[in-house]
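Please walk through the salt bridges of this model, and then through one of its pockets.

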Amino acid sequence: MSIKDDPPTSLGFWPSWAHHIGDLVFGANDGIVTTFAVVSGVTGAALNPAIAVVLGFANLLADGFSMAAGAYLGQRSEQDYRVSVDGHIHEGRIHAVGHGAAIFVAFLGAGCVPLLPLLITREHAFAISCAATAVTLFIVGSLRTVITRGRWLANGLEMLLVGSAAAAVSYAVGHLLGSMARG
């Protein structure tokens, strides 16, 4: 048994979803970062928080579907290539659908986090959204270690730092463009 086939010691079995770990992490990271980018950009521009909710949910559904469709089409293209090279397919359409579904579910699940505080409260909504987003990024990064056997703290901090950098860029752009628009 190779190290790749060994079951994670923390679970005692190799879960059927383990081959989707890349899709789940990618979907969760992109969902939370792109949705928080909308929240940050709107806040940086000093626009009405309702705009962040509308744009955030529109982005969440459209981008989530787009990413899922892209994952499906990418997998199908790879399958078609393999058929052209060695004459047979290793996985079928269900395999490609599974990749798309994993990205979509992770994208929606994590992507809702930055928007929830805006729906619940107006007082300190951005600060609460920042905190909830940071915690979620750290947790998702740390959970990678269930499959990868990496260091949970390092993986959590890595995802938190990457997501924070994207949020900072979005906030700065929103602030700059909002300032320019106000004259």
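Glu78, Arg82 and Glu91 form a network of salt bridges (a side-chain nitrogen of Lys or Arg within 4 Å of a carboxyl oxygen of Asp or Glu). The model is predicted, with local features needing pLDDT of at least 70 and side-chain atom pairs counting only at pLDDT 80 or more, while totals for chains, interfaces and linings use all residues. Residues are numbered from 1 along each chain as its sequence is written, and side-chain values use heavy atoms, without hydrogens and water.

Glutamate 91 has 24% relative accessibility and is partly exposed, that is, between the limits for buried (under 20% relative accessible area) and exposed (over 50%), with a 1.4 Å probe and protein chains only.

The structure holds four salt bridges. Another of them joins glutamate 158 and arginine 144 at 2.7 Å, N to O. Glutamate 158 lies in helix 7 (residues 152–182) and arginine 144 in the loop between helix 5 and helix 6, so the pair ties together parts 14 residues apart in sequence. Arginine 144 is buried, at 17%, whereas glutamate 158 is partly exposed, at 43%.

Arg144 is also among the residues nearest the centre of the second largest pocket, which has 11 lining residues. Helix 1 supplies four of them, the largest share.

A pocket here is an open set of points on a 1 Å grid over the protein atoms alone, where a 1.4 Å probe fits, with protein on both sides within 12 Å along at least five of seven lines; lining residues have an atom within 4 Å of a point.

Note on methods
Helices (H or I, at least four residues) and strands (E, at least two) are DSSP runs, numbered from the N terminus.
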